[in-house]
Amino acid sequence: MHLFLFLTFALIAVGCAVNLLRQRHPISSALSLIGVMGSLAVLYLLLGAEFIAAIQVIVYAGAIMVLFLFVIMLLNAGEEARTQRSKLARVLGLPLAGALLAQLSFVVWRQLGGGPEVEFGGFVGSTEALGRALFREYVLPFEVTSVLILVAIVGAVVLARKEVR
Amino acid sequence: MPFFLLSVVKALVVLGILLLTLLYMQWVERKVIAHIQGRWGPHRVGPHGLLQPFADTVKLLTKEDLTPPHANKFFFVLAPFLAVSLALLSVAVIPFGGEIEVFGVKTTAQLTDLNIGLLFLFAVTSLGVYGIALAGWASNNKYALLGGLRSSAQMISYELSLTLGVVGVLLLAESLSLRQIVDAQAGYYFGFLPRWHLFQGPWPQVVGFLVYLAAAFAETNRIPFDLPEAETELVAGFHTEYSSMKFAMFFMAEYANMITVSCLATVLFLGGWHPPLPQSLGIQFAPVLVAALGAGMLFYHGQGAPAGKQRLSMQVFGVAAALMGLAFLAPAVRATFSPLFWFAAKSGFFLFLYIWVRGTLPRFRYDQLMSFGWKFLFPVGVANVLITALMVALAG
C-alpha cells in the first residue's frame, strides 16, 4: 500500500514537473508547481514527517505559490513566445541532463548508501520532537535564520518605499 | 465492523448532514435577514418556504451553463471544483462528539483524528484561495479579476491573524490534534465555570478568540469583509461570469467554509461538545427544556396562524419538537446525543452570528480592510501569543 502510494505520488510529482516546463502559460506552470509541492508533501507524509508535510502545504503550496499567482495575475503575463531553439541544445540537451542526473544520484547513493534504512509509515518525527530539537539543540541557528528573514523583509520594505520629498 | 466499511458509512453520514446544513443554512439566512429588515423572506415553496432550498437547487441545475468565449476553459471549469472540494474536505478532521455507540458499533463522532488535525485544516484553508483567484483570472473579465486579486490579498493577510489567534489555544492545550484540544477543556472551575479555552487559566483566550472571529469573517469573505464580491463596485466579483451549477458550487464552498470555521471556533475556544455547566447543576436536561420551549412556541403561534397549511405545519413541527424533548429524557439517548446537541448548539450560535452581522454591519473599504488586518489585528494577535507564552511558562 505504501509502495503503491509512493509510486503514484512520485509519478504525479515528476509529471507535474515535466508539465511545468512544457506549459507555455505562466499560470499553468505555477499550478503545475503547486502539484509538485502537493505530491512532495504526500511523500513526506509517507516517510512519517507529518509536521513537515503540513508545513510544506501551508507555506509552499499555500502561501508562496499564492504570491506567485498573484504577481502573475497582477502583471497579466501572457503566453511566452517560443524562440527558434539552437540546434546544439536539441542535440546535447537530453544526454547532458541525463549525465547530470546520473552523477548526482551516484554521489547521493555513495554518501548515504550505508545509512539507516528509510521506512514508509514509520511515524517517528512527531511535532513535539521537532519542536524540542528546534528550540533546545538548534535554538541559535533557528533564531539567526529568523533574524535573517526579518532583515530581508525590512530591506524589501525600504527598497519598495516611495520617496517622500 | 471492518474499518473500511465503517469509514464509508461515517463519511456518508457526515457528508449528508453537512450538505443538509448547507442547504438549510441558506433558508435560515434568508429568513433571519428578512426578519431583521421587517420582511417575510421565502414563504411560497412549502410551509414557511421550507422547500425553498430544493427549489433553488433545481433552478440552478436547470439553468444554462455559460462559458464566456474568451475565458480559459480548463481553469474556468477547474476553479469551482477546486473551491468546493477543498471546502468540503476540511470537515474530515472536525470532532463532533466523544465516543458514541450506534447499533452496537462503538466509534468516535469524527471521521479521522490526525495528530496534526489543526495544521491539516490550515493547509486546506490556505489552498482554498486558489479556487477564487483562478475563477477571477480565468473568467477574463476585469471585475472578476479584481475580485479574485482582492480575495487572494485579503485571504493571505487574514490567514496570519487567524493562525495567531489559535496559537494561544495550542500553547494551553499542548497538542495539534483537535480531539485532544477538546479533551483539554473538560471539567469546571469552582464547580460551575467551564474550563473552555475562552476561560481557561493561566491566561484566558478572550483576545485570541476575538482575533480568530474577526479573521474568520475575512477568511470566509463574509460581510463586513466581503470585498471580493462587493456588488456595488465589482458587479459580483470573482463569480461574475459563472452561472448554473458552477455558481452553485462557489455558493456551497462559501457556506461550507462558514460551517468549518464555526465548528473550529467551537472546538478551539468553546470546549467542543462539553456542556457549559456540570451535570450536578442539571445541565443534562437543557435539551429537553429547549425542545419543550420550541414546542410551546410553535403551538402558541400555530393558534394565531391562518387555518390550513400554515397552522398545520406549525402543529406538526411542534409535535416533532415535543417528541425530541421526550426522547432526550431517556438516559441512553441522552448519552449519545447530548454531546452532539451541545456541539450543534455552539456551532449554530456562530452561524447565527454570521447572519446577524450580515444584517447589521456595512462593508469595509478596501484600504480600511488592509489597515485593520495588518495594523490592528496582527499586532494584537502577536501580543496575545507573547502574553500567553509568558503566562504558560510562569505557571509551569
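## Basis of the model

Residues are numbered from 1 along each chain as its sequence is written, and chains are lettered from A and ligands numbered from 1 in the order in which they are written. The model is predicted: local features need pLDDT of at least 70, side-chain atom pairs count only at pLDDT 80 or more, and totals for chains, interfaces and linings use all residues.

## Chain A

Chain A has six helices and zero strands, where helices (H or I, at least four residues) and strands (E, at least two) are DSSP runs numbered from the N terminus. The radius of gyration, taken over C-alpha atoms, is 21 Å for chain A, well over the 15 Å that the globule rule (2.2 Å times the number of residues to the power 0.38) gives for 165 residues, so chain A is more spread out than a compact globule. Its C-alpha trace spans about 55 × 50 × 30 Å along the principal axes.

The domain assignment, which is automatic or from a database, gives domain 1 (1-78) and domain 2 (126-165) in chain A. The C-alpha centres of these two domains lie 24 Å apart. Of the 165 residues of chain A, 18% count as buried; a residue is buried if 20 or more other C-beta atoms, placed from the backbone, lie within 10 Å of its own, exposed if 12 or fewer, and partly exposed in between.

## Chain B

Chain B has 13 helices and four strands. Its radius of gyration is 22 Å, close to the 21 Å that the globule rule gives for 396 residues, so chain B is as compact as a globular protein of that length. The C-alpha atoms of chain B fill a box of roughly 65 × 65 × 50 Å along the principal axes, and 42% of its 396 residues count as buried.

Helix 1 (residues 3-36) of chain B has 34 residues and reaches 47 Å from its first C-alpha to its last. This is close to the expected 50 Å, a span defined as 1.5 Å times one less than the number of residues. B:Leu18, B:Leu22, B:Met25, B:Trp27 and B:Lys31 are buried in this helix. The buried residues of helix 1 pack against helix 2 (52-62), helix 3 (73-89), helix 9 (244-269) and helix 12 (331-360) of chain B. Just after helix 1, B:Gly38 takes a positive phi of about 70°.

## Nonpolar cores

A nonpolar core is a set of buried Ala, Val, Leu, Ile, Met, Phe, Trp, Tyr and Cys residues joined through C-beta atoms within 7 Å. The largest has 117 residues, and those with the most contacts inside it include A:Ala54, B:Leu119 and B:Ala265. Helix 4 (residues 117-138) of chain B gives the most to this core, with 16 residues. A second, separate core of six residues includes B:Ala291, B:Ala295, B:Met314 and B:Ala321.

Leaving aside neighbours within four places in sequence, B:Ala265 is in contact with B:Tyr212, B:Leu213, B:Ala216, B:Leu270 and B:Phe350. B:Cys263, in helix 9 of chain B, is buried, with 26 other C-beta atoms within 10 Å.

Notes:
Contact = placed C-beta atoms within 7 Å.
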